[in-house]
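Dear colleague,

Please find below the structure that I am handing over to you. My findings follow it.

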Amino acid sequence: MSTYLVTGARPYGEAPADLLLEDGRIAGIGPGLSAPGAEVVDAAGLVALPGLVDLHTHLREPGREDAETVETGSRAAALGGYTAVHAMANTDPVADTAGVVEQVWRLGRDAGLVDVVPVGAVTVGLGGQRLAELGAMADSAARVRVFSDDGMCVADPALMRRALEYVKALDGVVAQHAEEPRLTAGAQMHEGDRSARLGLTGWPAAAEEAIIARDVLLAGHVGARLHVCHVSTAGSVEILRWARSRGVQVTAEVTPHHLLLTDACAESYDPVFKVNPPLRTDADVQALRQALADGVVDAVATDHAPHAVEDKESEWAAARPGMLGLEQALSVVLATMVEPGLLDWRGVADRMSARPAAIGRLDGRGPLAHGRPLAPGEPANLVLLDPAARSVVDPAALSSRSRNSPYAGRELPGRVVHTFLRGVPTVLDGKAQR
Amino acid sequence: MKRHLLEAADLDRADATLVLDTAAQIDAALAGREVKKLPTLRGRTVVNLFYEDSTRTRISFELAAKRLSADVINFSAKGSSVSKGESLKDTALTLEAMGSDAIVVRHSASGAPHRLAHWVRGSVVNAGDGTHEHPTQALLDAYTVRRRLGRLEGVRVAVVGDVLHSRVARSNVRLLHTLGAEVTLVAPPTLLPVGVGSWPAEVSYDLDAVLPKADVVMMLRVQAERMNASFFPSAREYSRRYGLDARRMAALGDDAIVMHPGPMNRGMEIAAEVADSVRSTIVEQVGNGVSVRMAVLYLLLGGAQ
């Protein structure tokens, strides 16, 4: 295995230092390191962060390989600065057995660009009727710890209670897609002034908040861990804040798009902006940014959701919900959190690497761990980015197989220059290495 | 005028007035003529692209285009390539390649005409999209009010019924506001959208309180399927609280008129004796629809030349 000497980087945006990467680990950090024979990677002025960890990625394989594959999604992730991604279970077939999660895990290992960590379905076929074999998935080679019916809500309260209880034995967590289905039948966008005018059926904030309120009560009652996917409303933030103050073991994530975009995007009727939960109001965006800064919302998770052109180039109601995120997530966090002074680089490392890794139980896996600090002896997972670079997002230039980026044509700050996975470069000078 | 007519907000006061004045000129020009046809759009092609069943609107547009001597193609989703899975975009590009100058589109998805306008070079006229808008209906309603009452400025219009699902209501609120009328929406709270407070209209739950002050009562169709979704307890209760019957009609001022975009549910939102009374403009609205749609097509396609 090669040795790399990354020179002149600024760990966490602080004083410049060289990083020596050897045998998959960080062998040394400090100014003026020398390592004869090491390959030198110039990182002068670049910010170094631990490799990012995504709790919420749709890789579409198996089933919709025309929209994304484990390989193309892994490449997009590496280019976004990620070294580990959780692959959601709503594939075809659904990842509800040890066989499917192992298949996804192996495809990720073969692609070799990020660690692909499968999420297991909570219920068989995402059907919301009976528990999938959660233990078998946990014990498989994929070592599943996060269980989610994402895309569907585990709406039955008794079943949700059982799931929360059951995964305690697996050191697992249920990641809930909080959406009361009876309140969102036919829903197309956030319910408010704009939905009223645009004639698109509304998705009320209360449909999310009601489920989060119910679930934090259940999690508190049975003493289980709960994770809330893609929190999108100010009201949800208040419920989470209350639950934490009561000692409930609840964590939550916010997507880049919910940190940046609002329901004003729906005015165009361009379904690239159709997503579930929907884009909300500016007040919600501000509350989510503050919650991420405060740590009430623990993590940024992309909900990267590739869709084929024909599933998006249509009338709004006919389009599938979801948008790309992996390649722009760090830029959006830079624009919405770092530049306004809500989060420093250590904060970014915490919300995009350490905490999501801890939620997924990836931080304690020794040499295979993620979310560890930049320190000697730790796995050499890191991203180097140029925060001063700015560029206009061109969907055609993305590495994802799909093109449904809500940031098309938008100028965003920051550029991922290099990414290392266990000391091996997956991205060098903005180019994927495999 | 803009190139497309997608929603009532595309028309400012001058444009909206121009459409109504043009419709009046057309009516005057055709009055008493044996051949009700103008040569204005000869050689131009208008496509009626209807993804939803609609007899009256499609026929009205067809008649309007034919009276302007345009070539008219009726393309209905049933029995066409659409039923074989062709996308809206592919259909649009196909029609464009065949040389259509205007596409009149009716679609069950809100915003479909906006998407269409994105993909074609010709004009797009929204003939009703989902629960969004139906701008030519609002124009013909405004034209009808102006003919009956002689003005629109300051006219008090009550729009009664299923506002939540009504594209007619959305277009009327916007257009009547643009033209200076004062709109009050009357419905049970379940049939008003969350966010209605941001509309340029008053809101009331009490029809009896609104009627004595109204110059115009516009009744909206209530679809039977709403009854199964708990928007109101029963047709009977709806009719008692929000239906326009003879007793309520008696509360109206002397010159007040009653409108309905059709098709009506007689005995539900409107009683037969009201629909057939002298106050009713329901049949007149249908006739005015052709004139107004002629004006729209003329101004979008011919007016610039």
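How many helices and strands are there in chain A? Chain A has 11 helices and 19 strands, where helices (H or I, at least four residues) and strands (E, at least two) are DSSP runs numbered from the N terminus. The radius of gyration of chain A, taken over C-alpha atoms, is 20 Å, close to the 22 Å that the globule rule gives for 434 residues, so chain A is as compact as a globular protein of that length. That rule is 2.2 Å times the number of residues to the power 0.38.

This is a predicted model, in which local features need pLDDT of at least 70 and side-chain atom pairs count only at pLDDT 80 or more, while totals for chains, interfaces and linings use all residues. Residues are numbered from 1 along each chain as its sequence is written, and chains are lettered from A and ligands numbered from 1 in the order in which they are written.

The domain assignment, which is automatic or taken from a database, divides chain A into domain 1 (4-47 + 377-395 + 410-432) and domain 2 (51-365). Their C-alpha centres lie 28 Å apart. Between them, 18 residues of domain 1 are in contact with 21 residues of domain 2 (contact: C-beta atoms, placed from the backbone, within 7 Å). On the domain 1 side, β16 (382-392), β17 (411-421) and β18 (424-428) of chain A each give two or more residues, and the largest share, 6 residues, comes from β17(A).

Across chain A, residues 24 or more positions apart account for 74% of the contacts with a separation of 6 or more.

Yours sincerely

Conventions: Contact = placed C-beta atoms within 7 Å.
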